[in-house]
Amino acid sequence: MNAAPRLELRALHKSFSGTSAVKDLSLTLAQGEFVSLLGPSGCGKSTTLAMIAGFEYPDSGDLLVDGRRVNQTPAGKRGVGIVFQDYGVFTRLTVLENLAFGLGAQGMKQSRQAELTAEMAARLDLEALLNRRASQLNVSELQRVALGRALITRPSLLLLDEPMANLDSGLRGRLRGELRRIQKSLAQTVLYVTHDQVEAMALSDRIAVMDGGRLQQVGTPEEIYSRPRNRFVAEFIGDPPINLLSCTVRSEPGALLLSTAVHLNIRKANAGTVHGEYLLGIRPHHVKVSRSASFGSVACRVRYVDNLGPEHVLHIEYGRQLLRALTPPATAAPEEVVHVRLDVGNAILIDPLTNDVVDTQGHEKLEAA
Amino acid sequence: MSLLRVQGLSKRFGGKLALDHVSLEVRKGEFLCLVGPTNAGKSTLLKTIAGLHRPDSGTILLQERDIGALPPNERGLGVVFQNDALFPDQTGHENIAFALKAAGRPRQKIDQRVGELASTLRIEHLLSRRPDTFSGGERKRVAIGRAIAAHSDLLLLDEPLSGLDARLRLELRLEFRQLLRSLSQGLIYVTHDHAEAMSLADRIAVLHEGRIQQIGTPDEIYRRPVNRFVAGFFGSPPMNLLTAEVRQYADAAELVGDGFRVPFPNPATLRSALPGDLEIGIPPEEVRLGREQSSNTPHPCKVAWIERLGSRQVIDLALGGARVKAIVAPDYRVQESEPAWVGFTPCIHHLVDRKTGLFLR
């Protein structure tokens, strides 16, 4: 067995007419891993995908598939399969013809083609549809045909380029379960490019967050969400977004004392020493809201309420900022005064000058007093 | 008071009925979201109201005045279409001022209005620049400025956030809910995104296959859907629908399905005319999950798949031959393919007639 990683990017660099699109990008995908490349428009993720697929060549750095350097290898000969946005299924061909397409292009014998096609159709639950034209399929079927067509050649790596970007939101939720099930059952290594953090969180073993052509952080969804390395990652991940509150920090033995515009001297267990002005990053579900006062709570007014169905987001007047709190329905109404407590044990501190998260004891959980 | 009233609007393209007797009302000061999947008829309805399509039948009243025969530019509507092409060779200021200039307004009035709008829309920095330097979000805001520059009674927006990054959508959504209300007396906002509609709207009109399925507040739509389509469209994930049949006994009744049996909610309301084949609607946040069997979690199941989404986890459970999705707290410890126990309490408002797809009332 080949022990080399399926994909290895070493210090990739690419610029277009003097502007760097991808800078010093290093990333490794192990066999069977599902990794998302996540970032906003223009972050460099599509350029990265184009280099891996072979549509663009890197200016410098190395690109290895199964340990083999493929920097200049033509697109079709890298062992990399790709599924584009909107799937790119040939609508005038039947499901069978679509599935067999890549095999025919390889010049494989008819009998072997038929064997592999039947096997893939069975795996993807497409057997009943083999003679149907792709134009008659629903979206779930289309996704399976697109995946099957790419998977049938057994690529070392499958690239998925925002395959669900143009679909209705409800449909996306259903399709991603199916995608993950197929990926798992084949132990297929996947790099999934997306700007949608919910999709990346839901699907990935690991997420690589990009911005401005640079990799910002690589980690499991849990790490990226709970222990972001910098302000960009903290703000990009999470819906509703993280709160960033101006905060003065003083150290005392074993603890930090945090003061925001509203809460004074909240104790946060910590052994490091941090002093001065920071941003306190706290997720909306760590803002605790109650109709009755409790130790450490401060009365604040609710400006407005976002109804998300099973949860509500309260937008609470907090000094000159609005604080977002994720609560069960009917926690409070607009204009109501509520009692707010910050669960700072789960909060992060961001240096406003460098935008880096301050490593307070390896991000270990810190306790509120 | 009613700002816009649409009555019995129908529109056919070729053989296909795109709008089927659509009636709806926008009240003064109201933010109405028109939601539905792709091809539901949303854009057709908006274009018909705007005067770009002539309806086969039905009336459109704005402030009780029939505008059905008026050309688009005389209807008193501001419209932002999905592909809001700005004039590429004109600055932000010129784009916004376009309709005012065409109407022959004096220069000073135009500058004043553009200034007001730019400050509300937070696009002052774009006034002297050309659209090719704008970001996606800036483009949308300038397009809105242009659409509403000439005072309009009603603002129509067709998927104004489509084509933008998920992150930017979320930011603009938070911004829009305050901003858009301040710009006109009422508005219709078209989207396919149920979360956007829930968070923005005073009321939601759900359109599917050219027909209005339900109109109501976000809470009504979410808690009391009228049919299977509406229930399946809202929520992420949407309400679970489990097949069940009613078993009636002398003094009790229960609902029995694949892998579960639960007491019938409120047997006093049990009618003999109850359909034999039912579906029980269970919102995912009301599914109880446990590691051990208990009276709260009596039914054995298996964890099929977990989506860890940060502030919550969505757990896909195999219960009998069916799938049930549960929303649980982020710190609940659970592993794929482990056995688990599940429980739920059906609500009398969440029983569906399997044949008609309608919720029982």
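User: Before we get to this predicted model, what makes a pair of residues a salt bridge?

Analyst: You need a side-chain nitrogen of Lys or Arg within 4 Å of a carboxyl oxygen of Asp or Glu.

User: Then why is R176(A) with E307(B) called a salt bridge?

Analyst: Their closest N and O atoms are 2.7 Å apart. The cut-off is 4 Å, so the pair qualifies. Across the interface of chain B and chain A, the rule finds one salt bridge.

User: Which elements of chain B supply the side that touches chain A?

Analyst: Those giving two or more residues are helix 5 (166-179), helix 6 (194-200), helix 7 (218-223) and strand 16 (299-308) of chain B. Helix 5 has the largest share, with seven residues. Sorted by class, that side of chain B has twelve nonpolar, eight polar and twelve charged residues.

User: How many residues are in contact between the chains, and how much area is buried?

Analyst: On the chain B side it's 32 residues, in contact with 36 residues of chain A. The buried area is about 2700 Å², with carbon and sulfur atoms giving 51% of it. In chain B, D165(B), R167(B) and W305(B) lose the most area to chain A, together 22% of what that side buries. As for polar contacts between chain B and chain A, the count is seven residue pairs, both partners at pLDDT 80 or more.

User: What makes a group of residues a nonpolar core, and which members of the largest one touch the most others?

Analyst: The members must be buried nonpolar residues joined through side-chain atoms within 4.5 Å. The largest core has 45 residues, and I144(B), F176(B), L180(B), Y189(B), I204(B) and F234(B) touch the most other members. Take F234(B): leaving aside neighbours within four places in sequence, its contacts include V35(B), M198(B), I204(B), V206(B) and I221(B). Apart from that core lies another of 34 residues, among them L99(A), L147(A), M164(A) and L186(A). In soluble globular proteins, nonpolar side chains tend to be buried together.

User: How do you know that S251(A) makes a polar contact with V274(A)?

Analyst: A polar atom of the S251(A) side chain lies 2.9 Å from the backbone oxygen of V274(A).

User: Where is S251(A) found, and what does it touch?

Analyst: S251(A) is in strand 11 (residues 243-252) of chain A. Not counting residues up to four places away in sequence, S251(A) touches L256(A), G272(A), T273(A), V274(A) and H275(A). S251(A) and G272(A) are 21 residues apart in sequence, yet 8.0 Å apart in space, C-alpha to C-alpha.

Conventions:
Residues numbered from 1 in each chain as written. Chains lettered and ligands numbered in written order. Predicted model: local features only at pLDDT ≥ 70, side-chain atom pairs only at ≥ 80, totals over all residues. Heavy atoms only, no water. Contact = heavy atoms within 4.5 Å. Buried area = accessible area lost by both parts, 1.4 Å probe. Polar contact = N/O pair within 3.5 Å; in protein donor to acceptor, adjacent residues only side chain to side chain. Helix = DSSP H or I, 4+ residues; strand = E, 2+ residues; numbered from the N terminus. Nonpolar A, V, L, I, M, F, W, Y, C, P; charged D, E, K, R; others polar. Buried < 20%, exposed > 50% of the residue type's maximum accessible area, 1.4 Å probe, protein only.
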